[in-house]
Amino acid sequence: MSSKKKKKQRWFVPAGLAPTEMDILIMEWEAKGKLVPTRNLIKTKEQIEGIRKAGVLNTSVLDTVAEKIREGMSTTEIDRIVYDYTTSHGGIPAPLNFEGYPNSCCTSINDVVCHGIPCEDDILEEGDIINVDCTTILGGYYADASRMFIIGKTTPERQRLVDVAWECLKIGEQVCSKPYVFVGDLGNAIARHAHKNGYTVVRDLCGHGVGIAFHEEPDVEHYGKKGSGMLLVPGMTFTIEPMINAGDWSVCGDEDDETEWIVLTEDGEDSAQWEHTYLMTENGVEVITN
Ligand code: MF3
Ligand code: CO
Ligand code: CO
């Protein structure tokens with residue numbers, strides 16, 4: 001018996017309809033063995049409108065954090081700003097009670113890679129670099145973005161890490177300046193840029209489809225081979241969110257963290273991350289969380 005299993009077909013032309021150009025392109029890639037989306041990952045006009053609105057609110061949440069963040073503030077205060085602003089504008093902070101997550105946003109300082117939990121005892125100090133990650137639900141639709149903030153003046157090393165992490169996001173975005181690219185294409189470009197700058201890319205966590213749910217297909221890895229991963233086609237909404245480490249890419253949990261959410265660099269070196277939600281269109285990605 002042959003050990004080759006036939007992969008289940010993922011892309012279908014709806015019954016009674018002639019295949020569109022998009023159908024044909026996707027089915028050609030699938031026939032070549034590439035990972036293609038399923039149709040439910042292609043958002044309708046109405047869904048896209050809803051996700052855009054969630055994106056507008058998400059951006060104003062982060063803008064509000066940007067206005068108010070300062071030295072001496074606790075990360076719990078940031079969490080309160082996110083909760084109050086989001087809920088008073090008709091939204092819901094997606095992290096709150098998500099799989100046991102206790103707060104409305106993630107606040108990841110210095111060697112915290114991601115999922116840092118807001119806490120009264122975590123007081124922002126001059127020179128800290130902090131990622132604030134907010135996911136907003138509005139009318140049932142999700143938008144997810146994070147930014148780095150530098151508290152006062154930091155070291156040239158930390159500044160460079162924050163800058164290169166931003167460049168990595170922008171490079172991923174540039175690879176997506178046309179549709180029908182693969183997740184591996186953008187991951188490959190991001191990792192190259194990180195490595196060229198002496199940094200590493202976290203491998204245990206990735207970007208993701210988003211919009212109807214918090215985390216959807218595809219996984220958006222920020223490293224890898226060109227042509228690997230899922231084909232990105234018009235109508236897909238997903239995040240790019242590279243986590244860039246100053247030292248080694250390996251991460252670990254925090255012994256004292258009972259929630260087991262917090263992710264740290266294993267070597268204690270700094271980490272930086274920026275995130276946007278994107279819509280793939282016929283002309284490449286549009287930033288939903290700008
Ligand atoms: N916003 C994070 C992401 O970019 C996920 C956080 S999950 C939470 O995917 F529960 F910690 F909020
Ligand atoms: Co996020
Ligand atoms: Co995300």
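Predicted model: local features only at pLDDT ≥ 70, side-chain atom pairs only at ≥ 80, totals over all residues.
Okay, let's start with the overall picture. The protein has five helices and 17 strands. Its radius of gyration is 19 Å, close to the 19 Å that the globule rule gives for 290 residues, so the protein is as compact as a globular protein of that length. Of the 290 residues, 56% are buried. And if you take contacts between residues at least 6 apart in sequence, 71% of them join residues at least 24 apart.

On charges, we have 27 positive and 47 negative, and their mean positions sit 13 Å apart.

How many of its six residues are buried? Six of the six, so strand 16 is largely enclosed by the rest of the structure. You can see that on both faces: H276, Y278 and M280 are buried on one side, and T277, L279 and T281 are buried on the other.

Who are its partners? Strand 11, residues 237-240, pairs with strand 16 in the antiparallel sense over four bridges. In that pairing, T239 stands opposite T277. Strand 17, residues 284-287, also pairs antiparallel with strand 16, over four bridges, and there M280 stands opposite V285. Strands 16 and 17 form a hairpin, with two residues between them.

Strand 12, residues 243-245, is joined to strand 15 by three bridges, and N245 stands opposite S271.

As a reminder, most residues other than glycine have a negative phi, and most peptide bonds are trans. So which peptide bond is cis here? The one joining E217 and P218, with omega at about 0°. P218 lies in strand 9, residues 216-220.

Then there are two residues to check for phi. H115 has a phi near 60°, which is positive in a residue other than glycine. You'll find H115 in the loop between strand 3 and strand 4, and it counts as partly exposed at 21% relative accessibility. E260 also has a positive phi, near 60°, and isn't a glycine either. E260 sits in the loop between strand 13 (251-253) and strand 14 (263-265). Is E260 buried or exposed? Exposed, with a relative accessible area of 71%.

Last stop: E120, in the loop between strand 3 (112-114) and strand 4 (129-138). E120 is partly exposed, at 49% relative accessible area; the cut-off for exposed is over 50%. Leaving out residues up to four places away in sequence, E120 touches S74, T76 and R80. For a sense of distance, E120 and G198 are 78 residues apart along the chain, and their C-alpha atoms are separated by 34 Å.

Key
Residues numbered from 1 in each chain as written. Chains lettered and ligands numbered in written order. Heavy atoms only, no water. Rg over C-alpha atoms; globule rule 2.2 N^0.38 Å. Buried < 20%, exposed > 50% of the residue type's maximum accessible area, 1.4 Å probe, protein only. Contact = heavy atoms within 4.5 Å. Lys, Arg positive; Asp, Glu negative; His and termini not counted. Charge placed at Lys NZ, Arg CZ, Asp CG, Glu CD. Pairing = 2+ DSSP bridges.
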